[in-house]
Every structure is written in structure tokens, then in C-alpha cells.
Amino acid sequence: ENSTYEEFTSDPLPINSVLVIGTDGVWEMFDEKKEQYGKERLQAIMRAHHRETAAQISAALEADLAAFRGVQNPVDDVTFVVIKFVPPAG
């Protein structure tokens with residue numbers, strides 16, 4: 001009731017664009033040396049895998065997060081969604 005929300009619109013994204021939506025637990029994840037994963041590393045994974053399917057991009061990000069974290073337990077929720085805009089079938 002006391003919350004204010006803003007609505008944003010944009011032009012449609014081009015075909016093969018990739019949209020990643022995630023919680024801050026993704027880029028704020030710590031490794032065993034107490035270093036953060038960071039948005040730059042997230043962007044690098046997206047650039048390296050942007051030609052793949054959304055499922056493959058998600059798997060690559062999940063694998064990289066696990067490798068980065070090592071045995072360190074996450075201190076925050078780690079949630080993300082990858083959306084790939086593909087041409088319509090037909």
C-alpha cells in the first residue's frame with residue numbers, strides 16, 4: 001500500500017538479443033578469497049555465450065558461478081532468468 005512503482009517501456013529488442021534478470025546475489029556472490037563475482041564477470045559470460053540458447057547461457061552462468069564460489073556457501077539468494085529473443089517460427 002505504501003510502495004511506489006514506476007513503469008518503463010522501450011522499443012522491442014532486436015532478434016537474438018539476450019536479456020538477463022537477476023537478484024543482486026548473482027554479482028555480489030563471494031568466493032573463498034572474499035572477492036565478489038561482479039557485474040563485469042557476468043557481462044563477460046553473456047558476451048561469450050550470447051549466440052547459444054537461453055538454456056545453454058543459463059547453464060554456462062550457473063557453472064561459472066559454481067566454479068567461482070568453490071566451497072564458499074552463498075550468503076544471499078542467487079536467482080536469475082535468461083531470455084533470448086528468437087525469430088518467430090514459420
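**Entry 1: glutamine 36**

I opened the predicted model at glutamine 36, which sits in the loop between H1 and H2. I then listed what glutamine 36 touches once residues up to four places away in sequence are set aside: Trp27, Glu28, Met29, Phe30 and Phe68. Serine 3 is 33 residues from glutamine 36 in sequence, and their C-alpha atoms are 30 Å apart in space.

**Entry 2: the aromatic pair**

Phe68 was on that contact list, and I looked up its ring next. The structure holds one aromatic pair. Its partners are tyrosine 37 and phenylalanine 68, arranged edge-to-face, with 5.2 Å from centre to centre and 85° between the planes. For the label, I needed the cut-off: planes over 60 degrees apart count as edge-to-face.

Which parts does the pair tie together? Tyrosine 37 is in the loop between H1 and H2 and phenylalanine 68 is in helix H3, so the pair links parts 31 residues apart in sequence. I checked accessibility for each partner. Tyrosine 37 is buried, at a relative accessible area of 4%, and phenylalanine 68 is buried too, at 11%.

**Entry 3: helix H3**

Next I noted the buried residues of H3: Ile57, Ser58, Ala60, Leu61, Asp64, Leu65 and Phe68. They cover an arc of only 160° around the axis, and therefore lie on the same side of H3.

What do the buried residues of H3 pack against? They pack against S1, H1, H2 and strand S2 (80-84). Just after H3, glycine 70 has a positive phi of about 65°.

**Entry 4: the core**

I then looked up the largest nonpolar core, which has 11 residues: Val26, Met29, Tyr37, Leu42, Ile45, Met46, Ile57, Leu61, Leu65, Phe68 and Val82. H2 and H3 each supply at least two of its residues. Which element gives the largest share? That is H3, with four residues. Both rings of the aromatic pair, Tyr37 and Phe68, are on the core list.

Beyond its neighbours within four places in sequence, leucine 61 is in contact with Tyr37, Leu42, Ile45, Met46 and Phe80.

**Entry 5: positive phi away from glycine**

I went on to backbone angles. Most residues other than glycine have a negative phi, and most peptide bonds are trans. Lysine 34 has a phi near 65°, positive although it is not a glycine. Lysine 34 belongs to the loop between helix H1 (24-27) and helix H2 (39-49), and at 56% relative accessibility it counts as exposed.

Asparagine 16 has a positive phi as well, near 75°. Asparagine 16 is in the segment before strand S1 (18-22) and is partly exposed, with a relative accessible area of 45%.

**Entry 6: the segment before S1**

I stayed in this segment for serine 17, which also comes before S1. Is serine 17 buried or exposed? Serine 17 is buried, at 17% relative accessible area; the cut-off for buried is under 20%. A polar atom of the serine 17 side chain lies 2.7 Å from the backbone oxygen of proline 14. Outside four places in sequence, serine 17 is in contact with Ile83, Lys84 and Phe85.

My last stop was threonine 9, another residue of the segment before S1. Threonine 9 counts as exposed, at 72% relative accessibility. From threonine 9 to aspartate 77 I noted 27 Å in space, C-alpha to C-alpha, and 68 residues in sequence.

Conventions: Residues are numbered from 1 along each chain as its sequence is written. This is a predicted model: local features need pLDDT of at least 70, side-chain atom pairs count only at pLDDT 80 or more; totals for chains, interfaces and linings use all residues. Side-chain values use heavy atoms; hydrogens and water are left out. Buried means under 20% relative accessible area, exposed over 50%, partly exposed in between (1.4 Å probe, protein chains only). A polar contact is a pair of N or O atoms within 3.5 Å; within protein, one must be able to donate a hydrogen and the other to accept it, and residues adjacent in sequence count only if both atoms are side-chain atoms. Contact means heavy atoms within 4.5 Å. The arc is that of the directions from the helix axis to the C-beta atoms. Rings of Phe, Tyr and Trp (its six-membered ring) pair if their centres lie within 6.5 Å; planes under 30 degrees apart count as stacked, over 60 as edge-to-face and the rest as tilted. A nonpolar core is a set of buried Ala, Val, Leu, Ile, Met, Phe, Trp, Tyr and Cys residues joined through side-chain atoms within 4.5 Å.
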